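Dear colleague,

Here is the structure I said I would pass on. My notes on it follow below.

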Amino acid sequence: MKLTLKIWRQKNSTDKGGFVTYVADHVSKDMSFLEMLDVLNDQLTERGVDPVHFDHDCREGICGMCSLYINGKPHGPLQTTTCQLHMRSFSDGETITIEPWRAKAFPVVKDLVVNRSAFDRIIQAGGYVSVNTGGAPDANEIPIPKNVADLAMDAAQCIGCGACVAACKNASAMLFTSAKISQLALLPQGQVERKTRAEKMVAQMDAEGFGACTNTGACEAECPKGISITNIARMNREYFSAVVSSDTM
Amino acid sequence: MILDSKIPAGPLAEKWTNHKFSSKLVNPANKRKYDVIVVGTGLAGASAAASLAELGYIVKAFCFQDSPRRAHSIAAQGGINAAKNYQNDGDSIYRLFYDTIKGGDYRAREANVYRLAEVSVKIIDQCVAQGVPFAREYGGLLANRSFGGAQVSRTFYARGQTGQQLLLGAYSALSRQVANGKVKLYPRTEMMDLVVIDGHAKGIVTRNLITGAVETHAAHAVLLCTGGYGNVFFLSTNAMGSNVTAAWRAHKRGAFFANPCFTQIHPTCIPVSGDHQSKLTLMSESLRNDGRVWVPASQEIAEKLRKGQIKANDIKEEDRDYFLERNYPSFGNLVPRDVASRNAKYVCDQGLGVNETGEAVFLDFRYAITRDTREIIEQKYGNLFEMYKQITGEDPYEMPMMIYPAVHYTMGGLWVDYNLMTTVPGLYALGEANFSEHGANRLGASALMQGLADGYFVVPYTVGDYLAQLAPKQVDETHPEFARIKEEVQNRINMLLQINGTKPVDYFHRRLGKIMWNECGMARTIKGLKGAKAEIQALKKEFWSNVKVMATNEELNQSLEKANRVADFLELGELMVDDALHRNESCGGHFREEYQTPDGEALRDDENFAYVAAWKYLGEGQEEELVKEELVFENVKLTQRSYK
């Protein structure tokens, strides 16, 4: 296959940046999207051009490090991570546009690499159960109905990639934040800090500059892990019931 | 030089309890006067950083990823072992200990392994308390499965994403301490070297991957939780960024490197599809619980298959060779990883391999689907089947999967004593970065167990014991040694940038990987290893004269990051070959063709090789010195592993 790639190049966070067009030939259908970029980068290096920088690590769809806004969609045309996208999803002669995640709270570091540490700070605001090492009771002393555990697991599968933010016209982080709030609100272990958690995580999300949710559902449609938008509804319930009966008031 | 493993005296089951009692304690009010550096934020690093901060120490945590949550522990699929015996099927701490020692082919320390089995039960309690959503039965209690050659069901799991859930649990504990101000986080920061002053580890030199700034950090103790070195093979199931640099630099500063040739080749990975391949994807071992491994019984049929003239489903039952079931009737498809991998290689070497490259065997689910229904199989393995389809374009519900072994885990690593301290006082190694618990072969679902055992339950005691013997005064970062090492690091970066050769870094990495895979992989020979040593030395020379690293230090520079890591892999590769050459026996993942039983099984030599091979760095261009730690077995009897 031969492809035309329009790739966003930006030297650093202060550079204005712009698209540069490259031709990728000898692309095989079995290559992953990132392997296609690896091959391009080796060619660029041999020609003395700084390779295209992009984030990636596990290449198994689980670490959440890879990103890329491909042809107007986060992680490209399939509901999967970019690292799991293969070139058989494209056809010979196609032009592919590759951009970084676009969101105020995710500033571009270089080329296609963005800074997602805002997500870490949201978790630091309360995305945990306060239990010190060593103080836990026997694991089976906390029975949890299977359907509840399954629901919690559905929410816990979030990989923190940020596709939900990139997909949202308001760059809202509601899906990400609600996934963690839901997981812990569903489980008995999360009950003690349930209210403060919802209040603090939502406050941090707003402080980071993420937008509001207007229920377009783009986040759910683009989430590579299928995190459901019902988590946002649950988070809103958690948040409102927390503010009317706050533990900290 | 004699290596003192510091194994406590007394009966096996009482060693750890006694040791904890005899360890010195740091006064609670003094803990905040001690700084601890933790490098790496996977299961071992995140759990250690969080637990130490909870105790009151001041912790700095470093990772090269953009967030601690991305460490490669996250990719572990299958599960975590613990001797809970919730299933009433005969499990016990002693049985988990015994299975691990035997599975490791008797090349691990009894005391360490017993402690691992002992604390395993507390890990599950801790994780559940954090809100880790393990799989549950309808009654609300935890579910277990049998995994990777174990005859009891002791594996806890969270769908096919156990590593993810455990890591997110440890990451949440870490995040809580960041919020408390007890942990300072340094993401996108890579450790470049270790600072040793008066024989003790006192800090590290790092590079900020965004700005390129080379910085020094001082502390009373340094914990390396930096994972394994499987990427020396280029193609492995490790994440792209996984590397040996932190451990290797520590090695060059005095930490011995133990059993480097013990690498684990995992039997169930998606086969290589072409030269562009950047990494290999593991298909969880749990698949072997329901999948049957086979190849065509004759070369003619295999040939037709490879040419695409027939499909797997066209092959009649009598023309299929279920070689694991045939060779190992009692364990069948569930033999340990090294045995399964070697057998796959063996049938492929005989021309029975099934994909275009001839390097693949089938893993077939049609029997399980007929027996249990598609829905049940989907519940168990749905996400794995989906992943397989995504990568290969084939539907494993319809056609058997194709699998082939791939490098997955490294049992070798920095030598540590019972306290997990390396030969450099104050420097610790945890998790996959150390060598200690898995001997020559790791059992499935034991890596997660070890990472969390080390971080949550071992190091908080043993680091305290070391710190209690130091005066609670700040480490002097103006000591000239910090400046000296920093300058060495800067010089090396400049050297890499100035070579300005013609080939990108991956060109050298791929070649190194091929040498390692062919000669120091699933089967090794004296001739092949000797050739490999010469080839690696030549490749190293070529790298340092012809690699092309783009751009500058003062920016995000992924080719510089890679070059720095590959330079270390080139040195490690040679040591792995030396280690494989000197170990004139076969054990676990180390299979020397010269040493096998008449029916092709690994032939150990307990009389001459029941030791840990620890290597001491002597200087640039010099052969490393071998130092042996004899393994003493007081509780188990060494036997030939048999899975027949």
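**Notes on the model**

A:Phe240 is part of helix H8 (residues 230–244) of chain A; helices here are DSSP runs of H or I with at least four residues, strands are runs of E with at least two, and both are numbered from the N terminus. This is a predicted model, in which local features need pLDDT of at least 70 and side-chain atom pairs count only at pLDDT 80 or more, while totals for chains, interfaces and linings use all residues. Residues are numbered from 1 along each chain as its sequence is written, chains are lettered from A and ligands numbered from 1 in the order in which they are written, and side-chain values use heavy atoms, with hydrogens and water left out.

With a relative accessible area of 52%, A:Phe240 is exposed (buried means under 20%, exposed over 50%, partly exposed in between, with a 1.4 Å probe and protein chains only).

On aromatic pairs: over all chains, the structure holds 30 of them. Rings of Phe, Tyr and Trp (its six-membered ring) pair if their centres lie within 6.5 Å; planes under 30 degrees apart count as stacked, over 60 as edge-to-face and the rest as tilted. B:Phe62 and B:Tyr186 are stacked, because their ring centres are 4.6 Å apart and their planes are at 10 degrees. This pair links distant parts of the chain, with B:Phe62 in strand E2 (residues 58–62) of chain B and B:Tyr186 in strand E5 (residues 183–186) of chain B, 124 residues apart. Both B:Phe62 and B:Tyr186 are buried.

B:Tyr381 and B:Phe385 are also a stacked pair, since the ring centres lie 6.2 Å apart and the planes are at 10 degrees. These two residues are 4 residues apart in helix H11 (residues 374–392) of chain B, so about one helical turn separates them. B:Tyr381 is buried at a relative accessible area of 2%, and B:Phe385 is buried at 1%.

In chain A, one aromatic cluster is formed by A:Phe106, A:Phe119, A:Phe176 and A:Phe210.

Two arginines lie over ring faces (CZ of Arg, or NZ of Lys, within 6 Å of the ring centre and within 35 degrees of the ring normal). A:Arg102 is over A:Trp8, at 4.1 Å from the ring centre, and B:Arg292 is over B:Tyr367, at 4.6 Å.

Finally, B:Gln558 is in helix H16 (residues 558–582) of chain B and is buried at 18% relative accessibility. Apart from neighbours within four places in sequence, B:Gln558 is in contact (heavy atoms within 4.5 Å) with A:Val52, A:His53, A:Phe54 and A:Val113.

Regards
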